[in-house]
Amino acid sequence: MTDVASPNADPLAPWPDDVVWRPVSGKLILVEQVRLAALAGTAVVAGAVLWTFFDGLWGWAAAAVAVLWAARAAVVVRSVRSWGYAERPDDLLVRHGLLVRRLSIVPYARMQFVDVSAGPLERSLGLATVELHTAAAASDARIPGLPGPEAARLRDRLSALGETHAEGL
Amino acid sequence: MNPGGDPGRSGSPAPSAISTPPDAAHPAGPAHRPPADGASPPHDGPGPDFRPPAGGVGGPVADGAGEGARKAAAVEGRRRLHPLTPLLKGAKFLFAAVAAISWQGYAQLGTLVFLALVGVLLVLGVGLSAVSWLVTGFHVVGRELRVYEGLVWRRTRAIPLERVQAVDVVRPLLARMTGVAELRLEVIGAAKTEAPLAYLGVEEAHALRARLLAGAGHAPAHDPAAPAAGPERPFHVVPNQRVLVANLLSSPVLLLPVALAVTLLPVLFDPPAWTAIGVASMATALLGVVLPPVRRVLNDWDFRIFVDPSGVRLTHGLLDTRSRTVPAHRALAVAVVRPLLWRPLKWWRAKLDVAGVGAEAGEQGVRGGVLVPVADRATVRTVAGRVIDGLDIDALPLRPVPAVARWVSPLAYRRRAFGWTESVVVARDGWLTERLIVARLARVQSVRVVQGPIQRRLGLADVHVDTAGSIHVTARDRAVAEAYASAATLAELARAARTAT
């Protein structure tokens, strides 16, 4: 169902003229693929357990898992490429998503704290996730797959900007 | 906001002089009882004996530190809660304990053991509460409210008055029977109600509320007319019969027969053993079904709306009387709603988000943020205009969605509209229940544009404007170009509005 054609290229990169969109690291593709494989592996194990109860379904379940995995694995590359962020003077822009496309504009002044996190897999590849929290739970400013130094730079810059812009609610 | 406002409130030496005793008093745990200074004034006056002039600040310290501390304490003594507090809290504890034992426990234990257990628990509860009452104190220091509590783990909380969003005076049933009240503070950034001061004398609670609000810069300082709920005339009183009818016409009540059937049918088809346990569990299930609407009616009973310079004050409730003040400039968002069945009656309802109130909506239910339970449009309009300055819900620049939107939402698209002014952003939506949601731009946290796969085919996108509360402005199905343009504009306008305030 995923439609590649978006002729104006608008939704994924609005304001191409005055905003410099930065991509996330390509290594995130690997992380996502491994994660996906782990998920598929879990599904296979679950299927194997089920198989001991219902023999007939086993083949179908395996096929379904395989198909889903293949489909998703093919999309992951583009999905990772769809992540992008931009630092404007007053706010941070984050965009991502292929099927459902999202763009968040989060003013630095609204930042409450910055999270930098990295799972074992991400860490082994030198990646980290930076997440900006505001008072609104719905604010969605998460940037995964940043190279370590870039994540640190972004964190420092965000917290510095947050301090200068700081306000209450 | 008003940094120079201190001198009038408390002598300038007071903050520094007072701030020492709490720290010094920490190790000296239960030193509050004033017998050390036997000369202290008689405490058995009719009412306000919980206001010991000096001894309350911590006897030994006053002995050691001498006159300075004593004098400062006289300026603003540390106060205790109402002396009935331990009894009331003990009773509460007892209820909780009995509920925990439950019917099943009762059946297993037998009446005698049960009663004995209740007695022990009662003594225990009252005793614990009494200790906690002894070590709990509060006072206003400069621009802070300080609350001291805890015997083993001592805790001192300083709540800056600037961060106080709203102050509620709540009177649960027990408190009403004994003439006391509970004070609840809504503080910016706190997930739940901060520092409930339970319990205070009613007059003291009102006086303290006025004082805290004055400190927060909402009301003319020390307005002696503010505390009393009596003399001023309410701007609007919601007729009780209207509350009743409105609740009867709400969907939860209309679904009540279904819910009752679901609860009762299994019982009829499969009669349980008519033991205490069976009856009690059925009664509990029934209560769960019937109680929420009843509670809503009780809660909205006698709903009065006062409009004064400090903002809007709401008092309501039949059993538990609540009085909430919504400072004029602290509202985040307002939702004006018309349920389907109210349409012929031309009634509307308004909800409100003030950060603290909205954040605790989860545990409080909808009523946490009720602004107007039911009223005609004109009244709602006026009240909403008071909560968000200069808002006129009938004169908002609403732009409809493009016609292609009917492929996504054939029924609601006619009502969908979105717009903004310099200070607010507004969205209208809803097919059966019409909703008009207004949020203050100065309080916007972030702006998002989201586009689903079908919307992409149609060239549409949703614009979300996030605020900290539970009311969200969502403009569905805007044309893509417009959605991105308005997101950019809104981010810009929100910044302008933010820096302006």
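Q: Which residues of helix 6 of chain B are buried?
A: Start with the geometry. An α-helix has 3.6 residues a turn, so residues three or four places apart point the same way. In helix 6 of chain B the buried residues are Gly125(B), Ser129(B) and Trp133(B).

Q: How many of the 14 residues of helix 8 of chain B are buried?
A: The count is 11, so helix 8 of chain B is largely enclosed by the rest of the structure. Among the buried residues are Glu204(B), His206(B), Arg209(B) and Arg211(B), along with Leu208(B), Leu212(B) and Leu213(B). The helix runs over residues 202-215 and reaches 20 Å from its first C-alpha to its last, close to the 20 Å expected.

Q: How many helices and strands are there in chain B, and what share of its residues is buried?
A: Chain B has 17 helices and 20 strands. Of its 501 residues, 40% are buried. The contacts can also be sorted by sequence separation: among those between residues at least 6 apart, 58% join residues at least 24 apart.

Q: What pLDDT does chain B average, and what share of its residues scores at least 70?
A: The average pLDDT of chain B is 74, and 73% of the residues score at least 70. Over residues 1-75 of chain B the pLDDT is below 50, and this stretch has 103 contacts in the model beyond near neighbours in sequence. Residues 219-231 of chain B also stay under 50, with 20 contacts beyond four places in sequence. Where pLDDT is low, the predicted coordinates should not be read in detail. For the complex, the predictor gives an ipTM of 0.82 and a pTM of 0.67.

Q: Which residues of chain A does UniProt list for "transmembrane region"?
A: An unreviewed UniProt entry lists residues 36-54 and 60-80 of chain A. In the model, residues 60-80 of chain A are 100% helix and 0% strand, with end C-alpha atoms 30 Å apart.

Q: Is Val426(B) buried or exposed?
A: Count the surrounding C-beta atoms. Val426(B) has 24 others within 10 Å, and the cut-off for buried is 20 or more, so Val426(B) is buried. Val426(B) lies in strand 16 (residues 424-429) of chain B. Beyond four places in sequence, its contacts include Leu396(B), Leu398(B), Trp420(B) and Ile437(B). The C-alpha atoms of Val426(B) and Ile437(B) are separated by 5.5 Å, although the residues are 11 apart along the chain.

Q: Where is the phi of a residue other than glycine positive, and which peptide bond is cis?
A: Most residues other than glycine have a negative phi, and most peptide bonds are trans. Lys346(B) has a positive phi near 60 degrees. Lys346(B) sits in the loop between strand 11 (331-338) and strand 12 (348-354) of chain B and is exposed, with 11 other C-beta atoms within 10 Å. Asp302(B) also has a positive phi, about 55 degrees. Asp302(B) is in the loop between helix 12 (276-300) and strand 8 (304-308) of chain B and is partly exposed, with 15 other C-beta atoms within 10 Å. The peptide bond from Ala198(B) to Tyr199(B) is cis, with omega near -5 degrees; Tyr199(B) belongs to strand 6 (residues 194-201) of chain B.

Notes. Residues numbered from 1 in each chain as written. Chains lettered and ligands numbered in written order. Predicted model: local features only at pLDDT ≥ 70, side-chain atom pairs only at ≥ 80, totals over all residues. Helix = DSSP H or I, 4+ residues; strand = E, 2+ residues; numbered from the N terminus. Buried ≥ 20, exposed ≤ 12 C-beta atoms within 10 Å, placed from the backbone. Contact = placed C-beta atoms within 7 Å. UniProt positions renumbered as here; feature names shortened; annotations may be inferred. pLDDT = per-residue confidence, 0-100. Expected span 1.5 Å × (residues − 1).
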